[in-house]
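Trainee: Could you take a close look with me at the charged side chains here, and at how they pair up?

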Amino acid sequence: MSDRQKTRARPNPRRQIAESYCSILNEGIRRRSVLKGLVAGLGGVALAPLLSSQPAAAAGGGSLSFNELERVRDDRDHWPEGYDRQVLIRWGDALFPDSPAFDLATLDGKAAERQFGYNNDFTYFMPLPHGAATADNGLMIVSHEYASPFLMFPGLTDEDYRDTLTDDQIRAIMASVGLSIFEVRRADGKWSVVLDSSYNRRIHMGTDMAISGPAAGDDRLKTKADPTGRAVFGTISNCNGGITPWGTMLSGEEGAMDVFAGDYTVLPNQELVERQGWDEEDNDIYAAGRLESRLRFEDEPNEWMRFDWVVEIDPLDRSAKPVKRTALGRFTHEGAQCAVAPDGRVVVFMGDDDDFEYLYRFVTRDPWNPNDRAANRDLLDEGTLSVAKFESDGTMRWLPLIAGEGPLTAEAGFASQADVVLNTRAAADLLGATPMDAPEGFVVHPQTGKLYVAMTENEDRLAAGEGDEAEQVNAANPRGPNPHGHLLELVPPGAGDKPDYAAETFRWDVFVLCGDPAVAEDGAMFHASTTANGWFTDPDNLAVDPAGRLWVATDGPPPEGIADALYVMETEGEGRALPKLFYIPPVGSECCSPTFTPDGTSVFISIQHPGELRMDDNEDATSIADIGTLWPDFADGMPARPSLIVLSRNDQAVVGS
Ligand code: FEO
Ligand code: CA
Ligand code: CA
């Protein structure tokens, strides 16, 4: 979800870098290798000026030789010279030979189900066959996280759309979120969608799904339409995700509460509704409560519990029913990144994208079977869910969330593992997990074995000694408030050789503190050679390319005049933590989930919510009349269209080099 959407109701930032920040630096951050020998010697004064005294990397340090973009904020997108940018598919484009042409005047649920959806976020290129190094043919697996009805249909405004949407428009919106899976092919340097592929598929709120794991069959998941508590209709708010070693996709449901309507105070467990992210202003966002009684609390008190899980989807088998894997916990799932421990158990790393929420990990009980895909079908139903606790000495521990262990007693409300997964955040509270600054991107670096995690920002983080202790700065979230976010580096034992992602204890470090290094109050920390174009704020999606470089896509609200964008840097050597600005989407967009062909010659990027901010004042657009851009068509009568683009070098060499 766009960070601007999430923060709409939040108070103004308190612009103050707490005094305590320096003492926390002395505890923890000076271990950070980019700064080694710097902060220690200079004793915790404003950091940005210090960085300029840091020994610079060798000129051109690192392998990134593209010409860095100049910052610009306008209604177009921008990419480096020597590259070709192709719009591969837009909202409303065909996914099947019989897809109707995109026509806003007649768009309904039936048409939208045959077309590419709105606000694409998670994006993954899976070579065909799965596991091959094919670079010219693969599946695109894409999530459509949310829709903004008043930016889709002419004549609606953010104030009146719930009342003025037609029923067909509501059905179209509900069919425009979810996921798209489709085959793509490259010929003569140009990519195209294979419309008649047997893989092509749309998944949305009308798709039959199963519920498995500890909460399956629980009374709290039973509804009038599903008295078993084991079958659910659809998925929604599909944010980022991940790919399992056996080639299924894990989709994080993030913020499904927004879709529900009515008076939640009729429910027995209101505390959980509030903790899960209820917002009086921003519920029933698609007006779908008008059409579907299950989405109204008064009519169906349990339906909301059947969302905000991780959904496993098999992109290679169109007939396979998606499954909500409850063992991975229920919270605001940003994504689900997979790694394999040396003994073959699969480890899924997950962020809970809300202020003061946690990082989680799930370790399967059994190893995966590389030789028998079907044997992995239910692997994610048995295992251990844990939550992260960071120590100021540079260690972190994964604390298991197991009913009956430690404080998770029956008296505390955790008599069964179903209780734990249905109320994951409260269980994590009891274990003393470290509240983070809205964790989003999580990525495993396949060459070094390290992990990177993006904390987007947290305006409400408090200075040491202020207010609730859980909301005060801590070693891993050292700035209060933290309007710019940061990246952490997690190091499992054996990293670089045989990383043990299932180990109880990792080491950690701050990799980057975001913000403008030229502004002292930002307290930013990047490599000293970072240019005025290269620093960033609000990191969201992370990806590692085949050459091992870390890509960071940001999700504002950016400072005055700066657009969200895509940056790339190295994680080791001279170019460590030295980002360069690679791509700028049109105003109001977030560029999500860069994903690469195995040879690194093309990068696919999702352009989400183009024009959501107005061009003139950077405030939320309220209708198509004041939308920030009409990208990519710029045609009369056509709104901005979220799209999937692909960038390749004109000489077909590796992107970024
Ligand atoms: Fe869907 Fe957390 O952004
Ligand atoms: Ca986002
Ligand atoms: Ca995100």
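Mentor: Let's start with Arg377, which counts as exposed because its relative accessible area is 58% (buried is under 20%, exposed over 50%, partly exposed in between, with a 1.4 Å probe and protein chains only). This is a predicted model, where local features need pLDDT of at least 70 and side-chain atom pairs pLDDT 80 or more, while totals for chains, interfaces and linings use all residues. Residues are numbered from 1 along each chain as written, chains are lettered from A and ligands numbered from 1 in written order, and side-chain values use heavy atoms, without hydrogens or water.

Arg377 meets Asp378 in a salt bridge, 3.8 Å from N to O (a side-chain nitrogen of Lys or Arg within 4 Å of a carboxyl oxygen of Asp or Glu). Asp378 has 40% relative accessibility, so this residue is partly exposed.

Arg296 and Asp299 form another salt bridge, with their closest N and O atoms 2.5 Å apart. Arg296 is partly exposed, at a relative accessible area of 28%, and Asp299 is partly exposed with 28% as well.

Now turn to Arg576 and Glu489, whose salt bridge has its closest N and O atoms 2.8 Å apart. This pair links distant parts of the chain, 87 residues apart: Arg576 lies in the loop between β26 (566-569) and β27 (580-583), and Glu489 in strand β22 (residues 486-491). Helices (H or I, at least four residues) and strands (E, at least two) are DSSP runs, numbered from the N terminus. Both Arg576 and Glu489 are buried. Elsewhere, salt bridges with shared partners tie Arg275, Asp352, Asp354, Glu357, Arg425 and Asp429 into one network.

Some charges form a patch instead. Asp263, Glu271, Glu274, Glu280, Glu281 and Glu298 gather as negative charge on the surface (patch residues have over 30% relative accessible area and no salt bridge, with like charges joined within 9 Å, and the place of a charge is CG of Asp or CD of Glu). Asp263 sits in the loop between β10 (249-253) and α9 (270-275), and is partly exposed because its relative accessibility is 34%.

As for the setting, the protein has 11 helices and 30 strands, and 63% of its 657 residues are buried. Its C-alpha trace spans about 65 × 60 × 55 Å along the principal axes.

Key
Patch = residues over 30% accessible without salt bridge, like charges linked within 9 Å, V, L, I, M, F, W, Y side chains within 5 Å. Areas by Shrake-Rupley, 256 points an atom, 1.4 Å probe, with all protein chains shown as cover. Lys, Arg positive; Asp, Glu negative; His and termini not counted.
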